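Please look over the sequence and the structure shown here before reading on.

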Amino acid sequence: MTKIKSLFISLLLTLGVSAAIAGSHGSTHDLVKERGKLMCGSNTGLAGFGAPNDAGVWEGIDVDVCRAVAAAVFGDASKVEYVPTTSKVRFTVLQSGEIDMLSRNTTWTLSRDVDLGLEFVGVNYYDGQGFMVSKDLGVSSASELDGASVCIQVGTTTEMNLADFFKANGMSYESVPVETNSEADAAYLAGRCDIYTTDASGLYASRAGYPDPSAHVVLPEIISKEPLGPAVRHGDSEWADIVRWSLNAMIIGEELGINSGNVDEMKGSNNPEVLRLLGVDAGYGAMLGLSDDWAYNILSQVGNYSESFEKHIGPNTPINIQRGLNALYKDGGILYAPPFR
Amino acid sequence: MSVIIQSLSRNKFYNWVYKNLFSSWVNTIMTIIAVIFVYEIGTFFLNWAIFNADFRTNFQGELITDRTFCSKNISPGEYGACWAIIYARWDQFMYGLYPIEETWRVNITYALLPLAIIGILFDKLPYRKLFIYFTFLFPFIAYFMLYGGPGLSTVGTNKWGGLLVTLFLGVTGIGLAFPLSILLALGRRSKMPIIKSLCVVFIEFIRGVPLITLLFTANVMLPLFLPDGVNPDNLLRALVAVTLFQSAYMAEAIRGGLQAIPKGHIEAADALGLTYWQTTRKIILPQALKIAIPPIVNTCIGLFKDTSLVLIIGLFDLLGIGRAALADMTWTKLYYEVYVFISLVFFIFCFGMSRYSLYLEKKLKTDNS
């Protein structure tokens with residue numbers, strides 16, 4: 001047994017030593033620069049949000065946040081190493097320092113922000129629980145769903161939200177419990193339930209794969225708040241600032257009408273905020289410890305928020321999500337970034 | 001009916017059929033039901049998987065580049081599987097996200113793997129000694145080829161995936177667990193109380209805990225125990241869990257072999273003045289391992305399939321990479337194709353292992369009689 005024990009210990013030691021490159025105690029920003037690439041916690045595969053394509057390149061709106069940060073730090077959006085994380089290990093992977101930031105449809109809640117020692121730096125997608133029904137049912141609002149049967153994943157917060165919503169509206173329902181997303185799709189398509197409920201983005205993604213997507217509607221009612229956003233570790237505010245403002249730069253870019261196509265022309269704009277953002281007026285990069293063209297790099301390589309949205313989940317993609325809540329505040333949504341000055 | 005069949009019974013084949021399939025009315029009905037059942041399932045599956053399926057082009061002759069080109073999505077109900085997803089994602093299924101221009105390194109490793117294990121599997125192989133030497137050399141070659149070193153660029157294990165991760169965890173896990181499990185089995189039968197109880201506690205603890213729990217522990221707890229910033233590789237963490245798990249199960253299989261050896265052998269060895277290690281190495285283990293081979297292979301098959309559990313800690317093994325393929329909007333919802341393909345790959349390996357264990361059983365039978 002001593003043999004086994006020493007074998008085990010030496011095994012652990014070799015593992016440790018071989019991986020002890022990241023052993024210094026510097027700030028995350030220094031660590032990232034030293035390493036030469038950003039370690040970004042991604043999804044293990046969620047359509048439109050983060051998944052590898054046929055060529056093995058990661059794509060999605062969550063992935064674009066990682067790329068924006070890499071563009072800001074290195075001037076090269078491709079210097080990202082993606083670490084696929086499941087919902088069960090995502091927070092420990094971040095806490096243990098294996099990744100520099102987490103960008104994988106994670107809901108910002110009080111307990112996660114405070115108790116888990118995370119810092120959510122913003123919201124890149126406002127999600128919420130919604131309902132999908134077949135068009136044949138002729139239902140246009142969730143208030144007409146009294147007595148319906150509902151496909152619902154067991155043991156999730158969606159289950160509680162559903163019960164609360166029906167109770168509050170004095171309606172009854174019959175739940176059809178399912179285990180996974182794919183099971184829910186199958187049950188819903190086979191007509192075992194009238195309604196399928198989960199996060200609205202999930203409903204859209206499911207619908208995109210149905211034989212006839214136009215035969216199903218996602219009802220306008222959203223019954224829970226699920227702000228999804230990137231997170232970093234607590235206690236490194238400078239790094240949090242970099243990630244926060246990388247996301248903000250994408251949103252401000254849309255607000256100011258700067259996209260990857262016209263970013264070079266916009267350098268000659270006479271709007272002072274545009275000039276500050278693109279680094280023509282120097283000084284704003286240095287505050288973050290970045291080069292002055294950091295936001296220019298984001299907008300030229302990744303694009304603004306609307307470009308990212310349209311490319312991965314917008315109405316012209318199979319997922320077909322309308323901007324809705326995720327439109328800019330001046331277009332009727334709630335997407336709002338503090339001013340760049 | 002029986003008259004007709006009896007008239008045919010001169011023929012040996014019909015005789016066999018009559019005896020085994022139509023000997024009584026109950027038997028006849030069972031046979032008919034079974035034949036209908038197999039026929040229905042078989043034709044349904046073959047039609048779906050081969051005759052009505054798309055491979056690289058759809059029924060209009062177009063090359064399939066995304067799911068909307070699949071015949072079954074163009075005209076629902078008439079067509080079967082759409083295998084284009086397997087073609088499009090073949091590299092990912094085989095190598096994960098390994099850089100395309102470096103995949104030749106994985107191919108060489110795949111090609112050398114059979115040479116490395118053939119020496120262990122067949123004892124009458126010509127030049128077996130050379131093959132065994134190669135077996136011990138292989139881990140270093142594989143490490144160099146896959147991970148990189150002088151002259152080859154480094155490919156981090158987070159890029160590994162698909163069959164590569166499945167085979168890596170399966171083969172390395174079994175390879176490392178084997179010596180560990182022999183020590184554990186011997187320790188459990190040892191007369192020294194501390195060693196014995198340590199081995200018992202270890203084996204029973206590991207066997208009493210699901211592999212998923214061990215994987216989580218290795219993935220989540222290990223970094224918390226180690227000093228700050230020391231992050232053992234994700235794949236290695238999974239490997240530690242898989243190895244410990246496998247060693248406990250294999251140790252029990254080997255203990256079964258140890259117990260089957262008559263006490264007289266040990267006493268005879270003692271009488272000849274052999275030391276404990278001499279007795280163990282030359283008399284006990286050769287016999288015990290022979291007896292234990294079928295259960296050992298059994299646990300190996302189990303482990304090989306269990307490696308797919310690593311997908312819950314975010315590793316892209318064969319199953320994980322398949323699920324990632326399904327999450328790509330280009331191919332989403334082609335569940336059946338992906339899962340059938342993955343089961344086929346697993347089946348090939350597991351069936352191979354079980355045939356090998358049958359072959360061994362037969363061989364050992366003649367040895368002993």
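Two strands are said to pair if DSSP finds at least two bridges between them. In strand β11 of chain A, I195(A) is the bridge partner of V133(A). The pairing of β8(A) with strand β11 (residues 195-199) of chain A is antiparallel and extends over five bridges. Strand β8(A) also runs antiparallel to strand β12 (residues 216-218) of chain A, to which three bridges join it, and in β12(A) the residue standing opposite S134(A) is H216(A). Strand β8 itself, made of residues 129-134 of chain A, is mostly covered, since five of its six residues are buried.

**Domains**

| Chain | Domain 1 | Domain 2 | Distance between C-alpha centres |
|---|---|---|---|
| Chain A | 25-126 + 227-328 | 129-224 | 31 Å |
| Chain B | 2-53 + 61-82 | 161-368 | 38 Å |

In chain A, seven residues of domain 1 are in contact with four residues of domain 2. On the side of domain 1 of chain A that touches domain 2 of chain A, the residues divide into five nonpolar, two polar and no charged. In chain B, the contact takes four residues from domain 1 and seven residues from domain 2, and the side of domain 1 of chain B that touches domain 2 of chain B holds two nonpolar, no polar and two charged residues.

**One residue in a helix**

Within chain A, F166(A) has its place in helix α6, which covers residues 157-168. Is F166(A) buried, exposed or partly exposed? A residue counts as buried if 20 or more other C-beta atoms lie within 10 Å of its own, and as exposed if there are 12 or fewer. Because F166(A) has 19 other C-beta atoms within 10 Å, F166(A) is partly exposed. Once its neighbours within four places in sequence are left aside, F166(A) is in contact with M171(A), S172(A) and Y173(A). F166(A) and D146(A) are 20 residues apart in sequence, while their C-alpha atoms are 8.1 Å apart in space.

**Where the chains meet**

The contact between the two chains takes 38 residues from chain A and 38 residues from chain B. On the side of chain A that touches chain B, at least two residues each come from α1 (2-18), β2 (51-52) and β4 (80-84) of chain A, and α1(A) gives the most, with four residues. Sorted by class, this side of chain A has 17 nonpolar, 16 polar and five charged residues.

In soluble globular proteins, nonpolar side chains tend to be buried together. The largest nonpolar core of this model has 176 residues, and those with the most contacts inside it are V69(A), I298(A), I85(B) and A238(B). Helix α12 of chain B, residues 234-259, gives the most to this core, with 16 residues. Beyond its neighbours within four places in sequence, I85(B) is in contact with A325(B), W331(B), L334(B), E337(B) and V338(B).

**Confidence**

For the prediction as a whole, the scores are ipTM 0.80 and pTM 0.83. Chain B has a mean pLDDT of 88, and 95% of the residues of chain B reach 70 or more.

How values were computed: Residues numbered from 1 in each chain as written. Chains lettered and ligands numbered in written order. Predicted model: local features only at pLDDT ≥ 70, side-chain atom pairs only at ≥ 80, totals over all residues. Core = buried A, V, L, I, M, F, W, Y, C linked by C-beta atoms within 7 Å. pLDDT = per-residue confidence, 0-100. Domains from an automatic or database assignment. Nonpolar A, V, L, I, M, F, W, Y, C, P; charged D, E, K, R; others polar.
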